[in-house]
Structure formats: structure tokens, C-alpha cells
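Hi,

Here is the structure I promised to pass on. Have a look at it, and below you will find my notes on what turned up.

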Amino acid sequence: MDKEKDKTIRAAQDRATDRASIETLEKAERDCVTVSFFRMDQQKNQCGFGKSGVCCKICHMGPCRITPKAPRGVCGADADTIVARNFLREVAGGTAAHSDHGRHLVLLLKKIAEGKGGGYVIKDEPALRRIAREYGLETENVATQELALQLADVFLRDFTAQEEHLETLKLAPVKRQAVWERAGIAPEGIDRMVVESMHRTHMGVDHDPHNILLHSFRTALADGWGGSRIASQVSDIIFGSPSPVKSAANLGVLEKNKVNVLVHGHEPALSEMLAAAAGDPEVTARAKEAGAEGVNLAGICCTANEVLMRHGIAVAGNFLQQELAIVTGAVEMMIIDVQCCMPGLPEVAASYHTEIVSTSDIAKTVGAHHAAFNPDDAYASARDLLFRAIANFKRREPKKVFIPAAQSPLVAGFSVEAIKYMLGGRFRASFRPLNDAIIQGRIRGVAGIVGCNNPKQQLDHYINILTKELLKNNVLVLKTGCAAIASAKSGMLTPEAALEHAGAGLREVCEAIGMPPVLHMGSCVDNSRLLEAATEVVREGGLGDDLSDVPVVGVAPEWMSEKAVSIGCYFVASGVDVVLGNPFYISGSETVTNYLNGGSAEAFGASFHLHENPLEAAEAILAIIDRRREKLGINKKAERKLYDMKDRRELDV
Ligand code: NFS
């Protein structure tokens with residue numbers, strides 16, 4: 001595309017915020033390599049019917065597009081029905097993706113329990129026992145393998161249950177469970193919810209937009225409290241519960257003298273083994289034979305978050321940096337599994353020496369080498385991949401290599417257990433100090449900032465502006481997914497960030513505990529950890545008895561995937577308001593828009609709020625937090641003093 005002629009084409013610094021991305025974007029232009037940012041320009045006249053959700057191609061009498069002159073499709077469906085049906089299909093897609101990820105992990109847990117783990121073991125037995133107790137299993141005198149088998153069966157039933165509600169729903173506050181019962185949205189089996197979504201949206205089935213939207217929330221609950229929650233729990237059992245760990249993020253973590261291997265995608269089984277195999281002396285020896293100093297393993301997207309949380313493996317970048325990493329010319333291999341791996345990767349890689357290797361039989365990419373990952377012999381699979389990457393090192397072309405300097409230090413690994421420990425120490429691990437800080441107003445509220453990047457927006461811009469604004473206003477920020485990586489890159493995941501960015505009250509709390517003001521809680525399936533944390537706050541007492549009472553807000557600033565739609569819906573159905581930085585495809589229906597952006601509050605105590613400007617979003621978030629504080633009767637100004645035990649005893653909680 002000719003930049004001179006087309007003035008709408010943005011310069012690299014208008015597309016991204018961090019130095020590393022800007023520099024590699026400029027290199028991509030110089031190298032004449034097309035990445036998502038440029039493909040966005042080619043797609044700039046995106047379909048208005050699609051954007052507003054009024055294009056229906058569910059049956060072959062269409063595709064139909066709703067306009068003022070043609071207000072109904074061939075079958076008679078109006079904009080409300082069409083928009084609601086399209087929305088539900090997105091939720092079903094997101095739920096399916098998270099939940100299938102969870103299912104694969106449960107099947108692995110079952111194999112381990114049956115002694116067929118192929119190198120995988122239960123790393124975190126206390127987590128197994130704690131989680132088994134949460135589901136009412138008897139754990140005293142039950143052997144580890146036996147307990148794992150019982151728990152795997154509980155989880156598998158949550159996928160297949162036809163008439164029983166999910167067991168995992170019982171982990172929610174009792175009052176919230178009653179809300180779901182009342183609204184008729186307590187989900188049965190996860191698989192049934194997704195199948196029912198596809199059935200309801202088939203031609204000639206469910207046409208009532210409210211009924212369809214209620215099922216959207218029901219399906220999303222099967223994700224957040226079902227598939228995603230199960231994925232996080234089983235990951236903790238098999239791979240270990242995360243605890244604070246230091247590392248670094250951005251493209252600067254690539255190393256000039258090492259064989260760079262990137263793991264990208266979502267499921268942690270293979271990347272865990274790669275993390276182990278990267279330290280294998282034989283792997284290092286082979287790398288040295290090939291003229292490198294060793295193997296450098298780093299990650300992209302949520303696989304990055306998984307291995308960061310548990311091993312401190314560095315993060316090369318978030319969603320929109322996946323192609324930029326290849327543009328550095330310094331990556332020998334990118335190993336992809338499922339979700340968020342762009343089909344354009346091999347085309348970018350063709351301009352360099354990078355080999356794209358797909359590893360999941362349900363996720364093949366044209367132009368990638370497919371090496372099906374064998375979980376029965378996972379370590380060997382992992383080592384073979386590293387050997388292959390090492391062999392590719394000799395194809396690296398030094399004149400094409402440019403590794404940006406930018407990288408930032410970070411602390412990640414904040415599982416709910418880790419937060420409890422951090423707040424209360426080993427013997428008094430609890431959320432009490434957090435609740436107290438909220439009640440006293442030192443922490444005004446909590447924001448869970450989650451989700452992706454989207455080339456419609458400047459990379460990380462909204463996320464970082466919003467995060468800073470919230471910290472300044474004493475809002476503790478919890479993060480997952482690519483939003484967490486954005487904060488990592490901008491240096492916000494360090495305790496020192498509190499000194500620079502946090503308001504006085506939040507800063508006091510962070511300093512006393514030694515924690516960053518932004519807590520990285522993991523990958524996108526780990527958004528279930530945010531709900532778990534909010535539930536702990538309710539259990540601890542003093543901040544209401546339902547999630548809709550707690551001064552907490554969810555935010556998806558730069559989201560792009562169906563998973564994000566599902567996440568938003570399960571937050572709202574759980575009583576947590578959600579602020580979106582870009583809109584759903586729903587503007588073609590006033591009925592759907594009004595319900596999602598307000599009407600749902602009647603049933604759930606929460607709804608969506610669209611704010612495309614980060615500072616306006618911050619204002620809206622503070623207003624929601626303050627309304628909740630007001631209702632709790634704690635919306636008074638914080639006193640500027642450190643609280644001690646005497647103060648705590650005087651608190652009326
Ligand atoms: Ni979430 Fe993780 Fe990133 Fe978005 Fe994709 S990697 S699961 S969907 S893009 S945050």
C-alpha cells in the first residue's frame with residue numbers, strides 16, 4: 001500500500017506504544033513483510049452489517065441483511081432475533097474454546113491417576129486435596145492417585161451432565177447461586193450448553209431475543225464457573241499452583257547468541273515439558289555444537305502466561321506481537337498449540353528462517369510443520385522439537401536480525417492462594433487485610449483488567465492509560481491474558497510501580513505488603529481466578545454477601561476474541577459490571593443493546609458499559625466502585641494513617 005498516497009495509513013508509533021513493537025513494525029515495513037497491523041489497513045472498510053450484527057447467514061435462504069427498507073430476513077427474523085442469535089454463537093465459541101482446553105487437562109489428570117501419565121505427575125498434592133474438599137470429596141486416608149481419579153470424574157461429569165447443574169457452581173456465594181436459579185440460568189453440563197446454543201440458533205428455533213440472551217449468560221457461566229475454572233484448578237494440581245516469580249517481558253528477551261524458541265497458544269501441557277527439556281544438558285550441548293550458547297525459551301500470549309506463572313519463563317510479547325517476534329529474524333522456532341495463533345504466521349515466517357510448528361491435531365496451520373504432540377511421551381516430544389529448532393539455527397541470517405533492546409522486569413504468579421499467603425503470611429493466610437483496606441478506603445476498589453489486543457486500537461495504549469489512571473485513584477488492579485503482558489511491558493508489574501503510580505492509600509498497602517499494584521493472575525482461563533478472588537472477599541466478610549456488592553469491576557479494553565465475549569458475559573452474570581473498550585456487534589438491535597448495556601442489571605446486579613476512551617472508562621469505573629461503596633456504607637474518605645490491630649478491632653465488620 002502506498003503510504004504517501006493513502007494518508008489514513010498510520011505510522012508505527014500510532015499503531016503501537018512500546019519501543020520494541022514500534023521498532024519491529026518499522027522493520028516489517030522495510031522488509032516488505034505484511035503483519036496484522038497492515039492487513040487491518042487492507043480491511044479498513046469493514047462490513048457495516050457485520051459490525052452491527054444484522055447479517056444473518058444461519059440458513060441458505062440468505063445471507064440476509066437488515067436495513068430500514070428490509071426490516072426482516074427471508075424467514076421473518078428481525079434485527080433483534082438476528083443480533084441476539086449472532087451474539088449467542090460468539091459466546092458458545094468462547095465457551096467451547098476455554099472448556100475444551102479444560103477438558104484436555106482433565107483427561108490428562110485422569111491418565112495420571114490411572115498411572116498412564118507419560119511423564120506427567122501431580123506436582124501440587126495440597127492443591128489436589130484442597131480442591132477435592134471444595135467439591136465435597138472425602139480426602140482423609142485417600143491415596144493421591146485415587147483422589148485424583150475421583151476428582152477427574154467430578155470434572156468430567158460437569159462436561160457431560162444432562163440434568164444436573166454444574167458442581168463448580170457451588171463454589172460461588174450462596175446468594176449468587178440463588179440469583180442464577182431465579183433467572184433460570186444455572187447451567188447443566190458444559191457440552192450440553194454449547195450444543196443447546198447451536199440448536200437454539202438454528203433456523204426456526206429460538207426467536208425471542210431475551211430468551212436467547214439469557215442462554216448466552218447461562219452458556220457463559222458454564223465457561224467461567226465450569227470449563228475455565230476446571231482448567232485453572234487442574235493446571236494447578238498437575239503443574240503446581242503459581243506463586244510470585246520474577247521475570248521479564250517484551251521482544252528484548254530474545255537472545256542474539258542463543259537458539260530462540262517461542263511457545264505460543266494456550267494449553268500448558270507441552271510448554272511445561274519444553275520448559276523442563278530446555279534445561280536438559282544434552283539440549284544445551286547440541287545447541288553449543290550448533291554454535292549457540294544454549295536454548296532460550298520464551299512465550300507469546302497465554303501459553304507465555306502459563307509458563308511465566310509457574311517457571312518465570314520470559315514473555316516475548318502479547319497477541320499483536322506474535323508476528324513481530326518473527327520479524328526480529330532471531331526466532332528459530334515458534335511452537336503453536338491452540339487459540340489466538342494467527343494463520344498468517346507461516347507467511348511472515350517465509351521471509352525469515354523461523355519454522356512454525358503446529359502441535360495439536362485440532363489446530364493445523366497451512367504452511368506450518370505439523371509435529372503432533374504425544375502426551376504419552378511428552379518429554380521426548382519436547383526434546384525432539386528443541387533439537388529441530390537447534391538444527392534451524394544455522395539458517396539464521398545475521399543481516400536480517402534485529403532484536404529490540406526493550407524489555408521490562410516483572411513479578412507475576414499471583415494465584416488466589418499466593419495472594420492469601422502474601423496478605424496474611426503462612427499461618428494467617430487470608431483476604432482479611434485486603435477487605436480491611438477496602439473498608440477503610442485505602443483501596444477504593446478492585447478492577448480486573450483482562451483480554452487481548454486489537455489492531456483497531458493502538459497496541460496497549462488503552463490498557464496502560466486506564467491502568468495508570470485507576471492506580472492513581474487507589475484502585476488495585478488484577479490482570480490476566482494479554483492485558484497483563486501489556487502491563488508487564490510497561491513496567492507496571494513491579495513493587496516499585498506502586499511508588500510511582502499508585503495513589504497514597506494503595507501505595508501504603510503495597511509498601512506494607514511488598515506487592516506490585518498490578519497483580520498478574522495468569523492466562524485468560526485464569527479469569528476464573530478473578531471470580532475466585534472476589535468470592536474470597538465475600539467470604540471474608542464486611543463487603544456484602546454477594547459478588548454484586550463488592551466494589552469490583554471487570555474491564556476488557558482491547559478485546560477481540562469470542563472468548564472475551566464469553567468472559568464478559570460470565571462476569572456480568574456473576575454480578576460484576578464489565579467495561580468494554582470496543583463494542584460488541586450488537587448496535588443493529590436496540591433491544592439487545594439496551595438489555596446488555598443496562599437491562600441485565602435487574603436480574604444480575606451488573607451489566608456491560610461501552611467506553612472507547614480510557615479516561616472516560618476510568619471515570620465510569622470509579623463511579624461504579626463508588627456506587628457499590630455507597631451501598632455498603634463505606635464510601636467515606638480514607639484517613640491517612642497506617643492501621644494497626646486496635647484499628648482493626650474497632651472496625652464494624
Ligand atoms: Ni485471551 Fe489468551 Fe490474548 Fe485475547 Fe488471545 S492470548 S485467552 S483471547 S489475545 S487475551
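Is cysteine 569 buried or exposed? Cysteine 569 is buried, as its relative accessible area is 0%. Please keep in mind that this is a predicted model.

Let me start with the cysteines and disulfides. A disulfide joins the sulfur atoms of two cysteines by a covalent bond. The structure has zero disulfides. For cysteine 569, the nearest cysteine sulfur belongs to cysteine 452 and is 14 Å away. Cysteine 55 counts as partly exposed, with 26% relative accessibility.

Now to the ligand. Its surroundings include His266, Phe319, Met560, Ser561 and Lys563, along with several cysteines, among them Cys301, Cys302, Cys340 and Cys482. Sorted by class, this shell has eight nonpolar residues, three polar ones and one charged one. Both domain 1 (251-400) and domain 2 (431-632) supply at least three residues each to the shell.

The ligand also carries a nickel atom, and its single donor from the protein is Cys524 (SG), 2.2 Å away. Where does this residue sit in the chain? Cysteine 524 is in the loop between strand E13 (518-520) and helix H23 (527-540). Around the nickel atom, the four donor atoms subtend angles of 93 to 154°, so the arrangement is irregular.

Enjoy exploring, and write back with any questions!

Best wishes

Technical notes
Residues are numbered from 1 along each chain as its sequence is written. This is a predicted model: local features need pLDDT of at least 70, side-chain atom pairs count only at pLDDT 80 or more; totals for chains, interfaces and linings use all residues. Side-chain values use heavy atoms; hydrogens and water are left out. A residue is near a molecule or strand if one of its heavy atoms lies within 4 Å of it. Ala, Val, Leu, Ile, Met, Phe, Trp, Tyr, Cys and Pro count as nonpolar, Asp, Glu, Lys and Arg as charged, and the others, Gly among them, as polar. Domain bounds come from an automatic or database domain assignment. A disulfide is a pair of cysteine sulfur atoms within 2.5 Å. Buried means under 20% relative accessible area, exposed over 50%, partly exposed in between (1.4 Å probe, protein chains only). Donors are N, O and S atoms within 2.8 Å of the metal (3.2 Å for Na, K and Ca); water is not among the atoms, so sites may look incomplete. Four donors count as tetrahedral if all angles lie between 85 and 135 degrees; four count as square planar and six as octahedral if opposite donors are over 155 degrees apart and all others between 65 and 115; anything else is irregular. Helices (H or I, at least four residues) and strands (E, at least two) are DSSP runs, numbered from the N terminus.
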